[in-house]
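Q: I'm new to this one. Can you put it up and take me through it?

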Amino acid sequence: MSPAMKRYNRRVLWLSLLYAACLLAAIFGFKHKLFGGLIAYIAAILPALPIIGIFGAMGRYLFEEQDEYVRMLTVRQSLWASGFALSVATIWGFLESFDLVEHVDSYSVAIIWFMGLGVGSVMNKLTLGAPVKC
Amino acid sequence: MENRLRVLRAERSWSQQDLAERLEVSRQSVNAIETGKYDPSLPLAFRIAELFELPIEEIFVSPARHSSKAI
């Protein structure tokens with residue numbers, strides 16, 4: 001594992017812990033009606049920030065990775081993830097417009113994007129024989 | 001892109017890992033270049049050429065030249 005990948009994993013671990021803490025705090029606060037006005041908006045946005053941080057960590061990893069082949073694999077993986085997430089979101093949006101499926105919160109796109117990284121990894125394996133990684 | 005990397009490496013009795021360490025890339029990268037699944041950037045191609053003390057065209061086969069031979 002490259003030093004850049006180790007730093008990426010460490011950043012994602014800390015951001016994931018921060019996400020869990022922010023989400024629990026927001027759920028607790030809204031459940032007990034502790035927030036109002038502008039504070040409520042800030043508290044609602046707070047769990048989103050570590051997720052955005054993970055996207056940033058991915059970008060930073062691509063910038064820091066010195067191995068050009070591994071970097072290319074990660075770029076391909078991210079493109080597959082983006083295509084997968086946008087396609088699922090588009091299909092779901094139309095299904096929802098015609099009242100064929102339930103409403104899904106838009107932050108689900110981020111979760112689908114992370115799932116898409118798995119799709120990208122499998123595609124790298126199938127097309128280039130690269131080891132599967134998520 | 002076809003290349004002679006595997007042959008040159010074998011002549012020196014280097015493993016893929018040995019070559020990867022000398023080039024400061026992953027073994028995975030060396031394998032992808034050797035098998036023609038990945039074409040290295042110009043800076044990496046120069047590093048490879050300098051390591052083997054050979055001109056780039058003696059390591060990598062020009063795709064244009066390769067296809068004209070095929071015709």
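Q: How many residues of chain B are in contact with chain A?
A: 10 residues of chain B are in contact with 10 residues of chain A. Contact means heavy atoms within 4.5 Å. Before we go on, note that this is a predicted model: local features need pLDDT of at least 70, side-chain atom pairs count only at pLDDT 80 or more, and totals for chains, interfaces and linings use all residues. Residues are numbered from 1 along each chain as its sequence is written, chains are lettered from A and ligands numbered from 1 in the order in which they are written, and side-chain values use heavy atoms, with hydrogens and water left out.

Q: What area do chain B and chain A bury between them?
A: About 800 Å², with 55% of it on carbon and sulfur atoms. Buried area is the accessible area (1.4 Å probe) that two parts lose on being put together, summed over both.

Q: Which three residues of chain B supply more of its area than any other three?
A: B:Gln28, B:Lys37 and B:Tyr38. They supply 63% of the area that chain B buries against chain A.

Q: And which helix gives the largest share of that side of chain B?
A: Helix H3 (residues 27–34) of chain B, with three residues. Helices (H or I, at least four residues) and strands (E, at least two) are DSSP runs, numbered from the N terminus.

Q: How many polar contacts and salt bridges are there between the two chains?
A: Five residue pairs are in polar contact, both at pLDDT 80 or more. The count of salt bridges between chain B and chain A is zero. A polar contact is a pair of N or O atoms within 3.5 Å; within protein, one must be able to donate a hydrogen and the other to accept it, and residues adjacent in sequence count only if both atoms are side-chain atoms. A salt bridge is a side-chain nitrogen of Lys or Arg within 4 Å of a carboxyl oxygen of Asp or Glu.

Q: Where does a salt bridge turn up, then?
A: One is in chain A: A:Arg7 pairs with A:Glu64, the closest N and O atoms being 3.1 Å apart. A:Arg7 lies in helix H1 (residues 3–31) of chain A and A:Glu64 in helix H3 of chain A, so the pair ties together parts that are 57 residues apart in sequence. Over all chains, the whole structure has six salt bridges.

Q: New topic. How is chain A divided?
A: Into domain 1 (1–66) and domain 2 (67–134). Those bounds come from an automatic or database domain assignment. Nine residues from domain 1 of chain A and 12 residues from domain 2 of chain A make the contact. The C-alpha centres of the two domains lie 20 Å apart.

Q: What area is buried there?
A: About 860 Å², and carbon and sulfur atoms give 74% of it. Between these domains the count is zero salt bridges, with three residue pairs in polar contact. On the domain 1 side, helix H3 (residues 48–64) of chain A gives the largest share, six residues.

Q: What about the radius of gyration of chain A?
A: Chain A has 18 Å, but a compact globule of 134 residues would have one near 14 Å. The radius is taken over C-alpha atoms; the globule rule is 2.2 Å times the number of residues to the power 0.38.
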